[in-house]
Amino acid sequence: MDYEKLLSDTVQEVKFSGIRKFFDIASTVENVISLSVGEPDFKTPWAIRKEAIRTLEKGKTAYTANSGLAQLRRSLSEYIERKTGLKYDPDHEIIVTVGGSEAIDCAFRALCDPGDEVLIPEPSFVCYAPLVKMAGGVPVIIETKLENNFKLTPEEIKEKLTPKTKALVFPYPNNPTGAVMRKDDLEKIAAVIRETDMAVISDEIYSELTYGAERHVSIAEIEGMKERTILINGFSKAFSMTGWRLGYFAAPAPITGQMLKIHQYAIMCSPTVSQYAAVAALMDCDGEVLRMKEEYNARRRFVVKSFNDMGLECFEPEGAFYAFPCIKSTGLTSEEFCKHLLNSKKVAIVPGDAFGASGEGFVRVSYAYSLAHLNTALQRIEEFLKELKI
């Protein structure tokens, strides 16, 4: 059988995730120290696990409504308002999904007709461009720059706008750079967007992991933006619930109504036990989230200082749990650097170009690991750099 003719050309043209590709290589090396995966090393808080156990004991394992457990949607509405001041109707403007990734997929499929363009700042998470392509859209890449602290600028958006522009992906706090857009940055971006008819897909999965005195501000909070923004978030990062596969989106009812069709036919509903557990997360775990954030912050300062001390310029991330040091001074490409480091020192990190061509010359290091784990890995990286200079 000719499988190339059988399978979709669009899907065949999409490359596998650069993160997973390198993770699979690293998994073949014995005794490797990995700083490659963005997965919290904390156990899911006990209050969440206890609620899941109670749900199973009571036999609450049937389907929920397509849009999610009503109790969870009410809790999400209250949570979003508490965090941002934004009010969303839990009956018509909030949908519970299988992780934030499903919400992103639903957004692209609901918005894109063939040939529609979606602006995507890079470096950024690996899923955006492939999902746009599979939805029939055209990814239009905006390269953010180190000299701008990897923030998106109004000028960069204007340069890429065309009559076919349908949406802008807004991935802040950013994976892999840790960049954050503060309120004054958002107001400048909003001024450009309000002059268009495009939507904003705001991926705020790291919103709780924003460091410094200023809280995370959603672009939907800026005047005139809520009506055009699909706010996407989830429980994986802030609540250390990666394997529970639970996310959500909030948007105006005309948008959620169309996204619900996709979710309804493709998924039916999110895992029931996870939904009950998520109610406990929203009600009882603010203290646990803060404790984890404080620990990440300590790790962040340690990792950034360590890279700068060893001679690799490292932008100070203000969100998420990644550092994005520049390795151009070594003369190696991002992939060469990561492969040589893995082979010689058994430390796994991710090449920057896995997050777009503009990530070349950088590497992503996750600090979602213990300080002891980080310390050992960073010592080996320093040894690797010294050997390169010999």
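The lining of the second largest pocket comprises 6 nonpolar, 6 polar and 7 charged residues (Ala, Val, Leu, Ile, Met, Phe, Trp, Tyr, Cys and Pro count as nonpolar, Asp, Glu, Lys and Arg as charged, the others, Gly among them, as polar). The model is predicted: local features need pLDDT of at least 70 and side-chain atom pairs pLDDT 80 or more, whereas totals for chains, interfaces and linings use all residues. Residues are numbered from 1 along each chain as its sequence is written, and side-chain values use heavy atoms, without hydrogens and water.

**Second largest pocket**
- This pocket (an open set of 1 Å grid points over the protein atoms alone, with protein on both sides within 12 Å along at least five of seven lines; lining residues have an atom within 4 Å of a point) has a volume of about 370 Å³, the volume being the space filled by probe spheres set on points joined across faces, edges and corners.
- Of its 19 lining residues, Tyr79, Lys83, Ser207, Glu208 and His216 are the closest to the centre.

**Cavities**
- There are 2 cavities of 30 Å³ or more (a cavity is a set of grid points where a 1.4 Å probe fits but cannot get out).
- The largest cavity has a volume of about 60 Å³, and its lining includes Tyr79, Ser207 and Glu208.
- Its lining divides into 8 nonpolar, 3 polar and 1 charged residues.
- The second largest cavity has a volume of about 50 Å³, and His216 is one of its lining residues.
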